[in-house]
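User: I have a model open and would like to go through the terms used to describe it. Could you take me through the reasoning behind each one?
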Amino acid sequence: MEKTYISRRQLFTLIYAYILSNELTRGIYLYHYRQSTWIPVLLAIPLSCFLFFVYSFIYKNTDYPDFKTAMERILGKFFSKILFFIYFFYFLLLFALKLRDLVELVSIYTMQHSPFWMLYAFYLLVAIYCAVKGIEVIARYSGLVFAITFFSFVLFFVLLAIVNEPEFQNLLPFMPHGFLEFVNPTLRMAYSVPLGELFPILVIFQYVRPEQKKQAFKTSYFGIAAIGVTLLIISIANIVYLEAEALILGYAPIVRLWRRIDIEDFIQRLDLVMVNILLLNVMVKSGVLFVAVKAMADGIKEIKKGQIIFYGLLSIGLMALLLFLARDYPKILNIRFRILIPYLISAFEVFIPILVVIISFFRKKQAAGAEKQVEYNI
Amino acid sequence: MAIFKKEKKQLEKKEMDNKPQFPISNEDYLHKGLYQTVKENIDYLKIYQGECWDFSTDEFTLENNFQEIEVGLVHLAGMIDQRLLNKTVIDALNRNFSKAKKELPEGEERFRFFKTRVLTTTGIEEADTFGKVFNLLLSGDVILFIQGCSKCLVIGARMYQERAVEKPTTQITVMGSNDSFNENLLTNISLIRKRIKNPNLIFKHYIVGRETNTNVVLAYIKGLVDEGVLREVERRLLAAEIPEVTDANYLEVALRERQFSIFPKIFYSERPDTVANNILEGRVAILCDSSPEALIAPSVFVQFLHSTEDFHQKAFIASFFRILRTLGLIFSLFMPSVYILLILHHSELLPVNLLFSIAGQRILTPLPAYLELFAVMIAFDLLRESGTRMPTAIGTSLSFVGAIIIGQSSVEAGLISPIIVIVVALTGIGGLVIPNYKLNLATTIVKYVLTIISAALGSFGFTLSLVILLTHLSSLRSFGADYFAPFAPLSKEGLKDSLIRMPLEKLRNKFRKQEQYPH
Amino acid sequence: MKKGILISIILLFFLILSGCTQKKEVEDLMITTAIALDLTEEGSLELSVQLLNSNSAGNRPQDVTPIVVVSETGRTIQEALRKVNTIITKKLFFSHFVILVIGEELARKGILPFVAFFAINQETLHRFDILIARGCKGKDVLKIVSVAANIPAMAVEGKLVATTKLYGISKIYTNDEVMSDLRSEGISLTLGSIEIIGDLEEGSDLDNRKTIDVRAYTKVSTLGVFKQDRIIAWLDEEESLGFTYLMGKIKNSYIIVTKGDGTFVSVQLKTCKVKTKLETEGEKIKVKVSINFQGEVVEDLSGETSYDVVYVEDIRQRTEYEIKRLCEKVFSKAQELKADIFGYGRMIYRHKFKLWEEIKDRYEDEIFPEIEAEFTIKGNIIRVKP
């Protein structure tokens, strides 16, 4: 395989599209926080940036190699293989969750009568195609998607402002129960929704051009901040235009927001367009996750040929999992909220990486100590 | 009975051993040296081309005070200038030979005397292998065999019957020069040279095509061109063993990328000013004999939407028209699928009155919406194809009639609804706005694909196929350059001359490479 | 090339499949433009839909009626909807319906579940107007044809928009706002109403469109006050006007002022800015509303036109007085009904949360009638026409 490189700009758009796809499920967590839903988003931005900063030490302490070598240097071959093994399944789980969310949204709004297996099958085919093309193509595609999304957001906000009047009163009461009640959801959100699940980005990081790697971290903070600000604006717009009570009438309030646009009875129901734009973004996330999965598999055993078969088998497995276990959407939401987010995702996104980083510091000291010893011996 | 068969076979085998085999591989005559006598040379040539009607030989003896030398002239009638031959060659031979000062021995001295003293025309070459002799003879030169010389003289007296330099057929502009390439390679080279009087402009010559031996020329400016691209073009040209090159498009087969794609990855143009502009931007132009199209490598997607006219107008106006052209491209790609989406799957997006009117129109038509759209699309493409092939006398009136019959009458008869005609007409017009014919063809196919998928799967399918389209475009490469260059790896410099055209002051880097070559 | 052939075969497959999967052809849809809900005598729900007949549109329209009204009963909306399918030929298509008319009796029983059903439905537009049918049944409103518009529902909507903008006795409400008002604490809903003038029989006759003298038509009427989600009373015209002033939704309305000698003067209000402030001392709440207007004198029945300062000042004072009178009238009516239609309770919730926590159970019945309101009206007459 040739060396593929992505540039800093492409990393930015990748992160943007990746996190935007989390918008799909934001509505679910809004139920308790009504008019203050923008506060957790605001708090999540610096928290996510800080988390990514902590991640960055995995590369910084090992001199910016690719991911597999970095892990091996920190943990040693055996433990790193175990790490790859469990993260392989974790990434597949993320993929499955996102796919389920997307298919739920699509089947509510656009394809009400299509059977789920068909939607899964076509989506996975396209995801395989993107993954086989490689991360560089996905990065370029994310650039295009970023342009489309940005342009349409600007357009939609302008159209929204023309027709409706914002009522800023809707943002009150401001933190009626005090600050502490936001700590818990923010922490949950920071490592799950909306600005979480950043670990695959770290895996993708290895493909950044070598000469740009140091500055690429700054770009990724900027990217997280950018998407955070976008989501913040959307949350505030949701509340300001829609009023708190109306927010909870659906899974993705952003879609309900665009439904407000109704110009001369001619331009209306733009929420369908929004669903499709979200689909474009989710495809980026799927591509990135597939590539990360392959990177994990490569960590255990190098796969040179037969990429399509690899992805194909994964897809069939995912489809089987989703069709048989994931029919009941409220049940999934429940499991997610109570078990997955507090325990599983926090473990994979926060605890294990922090552990790895701490070990990397020790290793670095060890290596520095070993060098010093060598110097003295001479 | 069996005995006779056996004898017959043996006889046939004997005959076959003596005769030279047809078709002949290049190896036979390519490196064969010339004979010493005129007669043997001409006989050898006659083995191959003797039966041709235009193969003419003249054998005569030149006399002067010292000796008599036999000479032989071979040429293909119809490809040479008869008067030139008579006046300068044969005349000169007779006259100047008598001026010889001494007897010429066989070999080099005789040859040199003929070359420098006897023949007084310019452009005389030598040839010492039959390969070269055939190449030049079949290109239209006159071969002069001299008794006792193992080389021969080649006199350039070509006069082709060719088309004059006319207006281009497909890439017409309103302002600016309107000459186009014709089928003569030398004329084409001169048209480019007129525009770039730069000593670094190189026209490198190759002979391509096993059976056809066509002259192909690579044009580039040394110092501006990217060496990697140049090497790659050369490599591909020589590595692909194409048997026939009757047109530049066959060359395209050799130069093609390995990745399968509908989108054209080599730009072509029949306008010298476009080719000159591209050469000045550091690209390589490939000119082929007997082809009025020049290929340009590498090429990027936005090139297919550009027209030289953009640089004849002011920046703002040119940008407006470029955006209009892009809109035409978008129409031609997406309009039928969006129509199908709106009608079949997402009627909510239409305002009530429009919906009401369309529903009223569609109640009376028999076909389901997607089949109707398909039928009209295919009918439209048929009309378009027939319009290009027909002789002009019948062409215009028939297509006009066809449009009226198919469009109007079907609507009146209640077979199709009027809105389909509007949709397909807009699509067609959008497609015709695209300046490059190849992209037009590619987008037609993509349009069909998108329509089928939207009809079957709704907006989910449409968006997924949009994903595939964008990913595919982002992954294409043309000779190392990224195909979707100003958009896919977003580059600000490239964007200045893509969908809009910034004023020339801001395009400082215009005459350098626009694409990024990662390796 | 091989890939190309493979893809082409797959696509051919798709083309054939197009017929199988879900398909909503345009002509198979029955476009619903208005829905009405009524209460039958037995106490179950009657759902009526106004449908567009596509046969009457297109380039070769047939001579049939453009709309059809169909009714069915059921215990829930869903049941009634399914039953409607037994009567009509095509599938109901909700994306374009613009008005929801609820009969008065049904409104007295509670409208929240019905509004919620249509608001949550993903097919509907965001904005459909909810009107209460006053003095008649909802389905009768649907049957009246209109001269101006082909589709009567659009005609009703047009009337509503025009009334709200120019006359001010009604209001346009998106269904999000309706849901929000219904479910928020501290505000009572108000909705516009519609009534039929003339005879129903004549109104639903298509020939009604062909006569010059329109014999039956729908008329937009004043607002109705809700408590929880039940309608309890109607406001009259002056009170509706006052309500619109207090909410600051006047766009282009007028006021009639009586001069000293008893003649009437019309003042058109160009802009009307309202600022509301809350002052609380413990549980004593005071609302201070200041209205700032700019008006033009458009008509003076006594024929006097002058730019005299005295005249203008006189008109201005009378306008201020008149607006104040309307505001006070509607405020006292609301207090009498014990329904906070202005949203002051919601303001307390937003600005003084702790106070709200204490009083929210008692707000509607005890606190609201005790609120003091102070109206400060100021403005200018900027022009005297002609």
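Analyst: Happy to. Let's begin with a rule: two strands pair if DSSP finds at least two bridges between them. In this predicted model, β6(C) and strand β7 (residues 190-197) of chain C have three bridges, in the parallel sense, so by the cut-off of at least two they count as paired. C:I132 stands opposite C:S193 in β7(C).

User: What joins β6(C) to strand β5 of chain C?

Analyst: Five bridges join β6(C) to strand β5 (residues 99-103) of chain C, and the two run parallel. Here C:I132 of β6(C) is the bridge partner of C:I102.

User: Why is strand β6 of chain C called largely enclosed?

Analyst: A residue is buried if 20 or more other C-beta atoms lie within 10 Å of its own. Five of the five residues of β6 (residues 129-133) of chain C are buried, so the rest of the structure largely encloses the strand. C:D129, C:L131 and C:A133 point one way, C:I130 and C:I132 point the other way, and all are buried. For chain C as a whole, 41% of the 386 residues count as buried.

User: Moving to chain B, what makes β1 and β3 edge strands?

Analyst: The open sheet of five strands in chain B has the order β1-β2-β4-β5-β3, with antiparallel pairing. β1 (55-63) and β3 (124-127) of chain B each pair on one side only, and that is what makes them edge strands. The twist averages 25° from one strand to the next.

User: How do you know that β3(B) pairs with β5 of chain B?

Analyst: Four bridges link β3(B) and strand β5 (residues 152-155) of chain B in the antiparallel sense, and at least two are needed, so the pair qualifies. One example is B:E126, whose bridge partner in β5(B) is B:L153.

User: Which helices lie across or pack on that sheet?

Analyst: Helix α3 (residues 38-49) of chain B lies across β1, β2 (68-76) and β4 (142-146) of chain B, running at about 15° to β2(B). Helix α4 (residues 82-97) of chain B packs on the sheet too, touching β1, β2, β4 and β5 of chain B, and its direction makes about 20° with that of β1(B).

User: How many residues of chain B are in contact with chain A, and which helix gives the largest share?

Analyst: Chain B has 22 residues in contact with 27 residues of chain A. On the chain B side, helix α16 (residues 437-475) gives the largest share, 13 residues. By class, that side has 13 nonpolar, eight polar and one charged residues.

Technical notes: Residues numbered from 1 in each chain as written. Chains lettered and ligands numbered in written order. Predicted model: local features only at pLDDT ≥ 70, side-chain atom pairs only at ≥ 80, totals over all residues. Axes fitted to C-alpha atoms, helices over the stretch in contact; angles between N-to-C directions. Contact = placed C-beta atoms within 7 Å. Buried ≥ 20, exposed ≤ 12 C-beta atoms within 10 Å, placed from the backbone. Nonpolar A, V, L, I, M, F, W, Y, C, P; charged D, E, K, R; others polar.
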